[in-house]
Amino acid sequence: MIKILVPVAADLASSIALRYACQMSESIQVEIQTIHVKAASSEGSQLGTGWVRHTWEKTMLTEAEDEIAQLIRAERTHCPSLGEPLITIGEREEKILREIQTGSYSLFVEGTIPTFSSSYFSKRLESDLYQDMPCPFLMVKNLMPLRRVALILSEHVDHHRLIQVFTGIFGGSNLKVAVFYLHSPDSAGKDGEGLAEMTLEATVKALGERGWAPEKSKVISGQARELAGDLEDHGLLITGLDRHLKKKTFLHEFLVATPAPILLFWQ
Amino acid sequence: MRILCAVDNNSYSEFAIKETARLAANTWANVTILGISPQPIPATKEAATRGAGMFKALHDYRELFLTQFRESASPFDTKRCGYEFIWLANGTWEELYICRSSMKDLRIRLRTGNPAKAILAEAGEEESDLIVLGCDQKSDCSWETDAALPKKVVNGANCSALLVTARRKIKEILCCLDQESVSQETLEMVNQMVTIHKAKLKIVGLSKGKGLEPDVDKSMQLILDYYLAREINPHLSIVDTSQLESFLAQETEQALISLVMGKRSLLAKTLSKKKVDKLLEKSRSSVLILR
């Protein structure tokens with residue numbers, strides 16, 4: 001059973017994240033826990049002590065419950081694995097992180113609608129919540145049908161860990177899987193190509209040993225945007241990132257460009 | 001729905017005719033194909049029967065339009081006659097020779113005078129819902145007789161306008177919706193374009209500074225649900241109004257741009273007439289202005 005945490009609010013990003021998590025429940029056994037953190041306004045947070053504060057917090061929670069109940073009710077009809085939402089007051093990212101750290105979650109799922117500016121992706125990755133994330137995290141950019149999964153390899157991606165994360169979450173599912181090695185146009189050369197082919201081969205072999213036969217395995221190269229377009233029939237991309245890598249890589253550029261949901265892990 | 005397809009004697013108008021036919025096939029719209037002659041034509045039978053110039057072109061456009069329906073039943077099939085049993089009031093059936101007219105109306109018209117004014121006048125008088133125009137992509141989306149005609153028509157029309165510039169396959173429809181006042185008709189029109197071109201749909205929400213305004217966010221959810229219910233999985237994107245121009249410039253390379261330009265829309269406020277003109281000129285793909 002994969003335990004998933006999905007932060008929700010009454011907005012579009014939450015709606016697509018929740019629906020995507022529910023879609024996952026059609027392929028794997030999941031327990032979806034939603035969390036809503038009601039921001040305490042700066043005025044309100046200083047309001048009184050004792051019963052005054054307690055009453056104020058209770059009112060805030062009731063309001064938040066009503067707001068979220070509607071969203072959860074709408075989804076629960078076709079998503080039975082959806083549990084009762086956790087509703088709390090405070091600083092959003094801090095509260096979510098605390099829940100992930102204490103709740104033994106296997107996956108964190110959040111809606112991230114792409115913006116024209118590529119900074120949205122970097123900012124999110126650099127946030128305290130993501131930097132301290134103890135489990136893999138899935139950024140749902142769009143609600144895409146989850147039938148095919150693409151494992152994305154690249155120069156800095158640990159393919160052992162990639163297989164471990166993929167099989168750990170999707171083991172037992174009947175999703176179709178493909179493996180692509182993203183070859184940066186700047187690192188062209190025989191050495192780079194040889195390494196790409198070797199890594200690809202090793203990954204396919206390791207997947208085969210775990211009972212997965214990739215329908216496709218290929219070294220791909222070109223403009224990030226075009227490659228992202230080429231892989232659009234995959235409803236999920238999975239890859240690993242270096243937590244402290246400051247330099248923007250070709251993989252990073254590709255992940256910004258793809259409209260597909262991306263499941264990432266720190267390595 | 002009534003579509004007005006304005007044409008001249010150039011090959012880009014053929015693309016407009018084909019696009020109009022595809023739209024009409026999907027929407028079962030009434031269609032007017034309008035030719036313009038800047039020069040006056042004497043109102044004599046001889047002028048029309050000589051079969052020259054715009055008269056001949058319009059005749060050929062009718063044929064071209066109708067040939068687009070060869071593989072499917074056409075709502076524009078002309079009068080079909082045959083014997084049919086009809087129930088009479090006195091309680092008997094009688095086999096009568098019945099002639100049925102076409103289900104949908106295809107009018108071929110020619111107006112004279114200032115082309116832009118003539119097109120807008122026709123659209124106004126006929127209460128057209130959509131004007132379709134072709135234009136020469138190689139010369140900033142112009143018309144031969146009046147280079148600025150496409151822009152004049154798009155800017156002057158009270159209804160929606162589709163500028164057909166693309167000769168290559170449209171792979172994506174990019175839809176900048178005015179989420180505040182988006183109508184069912186607008187969503188349906190975009191739906192039709194997606195279906196006709198078997199294209200992907202990208203829905204763009206406009207933000208100002210920070211993220212999406214709550215009402216825009218809410219509208220985008222409704223729009224997303226609308227398309228999901230029709231088994232269309234749109235991609236979503238948020239664009240800050242300050243970056244809209246560069247975003248559109250990048251997207252025109254491969255997508256049909258669809259802009260909702262309601263009088264009170266944020267989009268209309270963000271994109272001045274000059275900027276829309278520039279977009280129309282530089283677009284390598286078709287542009288749909290929805291009103």
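A salt bridge joins the side chains of R19(A) and D225(B), with an N to O distance of 2.5 Å. The structure in which this pair occurs is a predicted model, and the contact belongs to a set of three salt bridges counted between chain A and chain B. Polar contacts across the interface of chain A and chain B amount to eight residue pairs, with both members of each pair at pLDDT 80 or more.

In total, 18 residues of chain A are in contact with 20 residues of chain B. The two chains bury about 1700 Å² between them, and carbon and sulfur atoms account for 53% of this area. On the side of chain A, 42% of the area buried against chain B is supplied by L12(A), F116(A) and R225(A), more than by any other three residues.

Three disulfides were found over all chains in a search of the whole structure. One of them links C22(A) to C79(A), with an S to S distance of 2.1 Å. The link of C22(A) and C79(A) is left-handed, with -95° about the S-S bond. Because C22(A) is located in helix α1 of chain A and C79(A) in the loop between α3 (50-76) and β3 (86-89) of chain A, the pair ties together parts that are 57 residues apart in sequence.

The model scores ipTM 0.80 and pTM 0.82. Chain A has a mean pLDDT of 88, with 90% of its residues reaching 70 or more. For chain B the mean pLDDT is 84, and 93% of its residues reach 70 or more. Among the elements of chain A, the highest mean pLDDT, 98, belongs to strand β5 (residues 137-140), whereas the lowest, 48, belongs to helix α2 (residues 42-45). Where pLDDT is low, predicted coordinates should not be read in detail.

Technical notes
Residues numbered from 1 in each chain as written. Chains lettered and ligands numbered in written order. Heavy atoms only, no water. Contact = heavy atoms within 4.5 Å. Buried area = accessible area lost by both parts, 1.4 Å probe. Salt bridge = Lys/Arg side-chain N within 4 Å of Asp/Glu carboxyl O. Polar contact = N/O pair within 3.5 Å; in protein donor to acceptor, adjacent residues only side chain to side chain. pLDDT = per-residue confidence, 0-100. Disulfide = S-S within 2.5 Å. Helix = DSSP H or I, 4+ residues; strand = E, 2+ residues; numbered from the N terminus.
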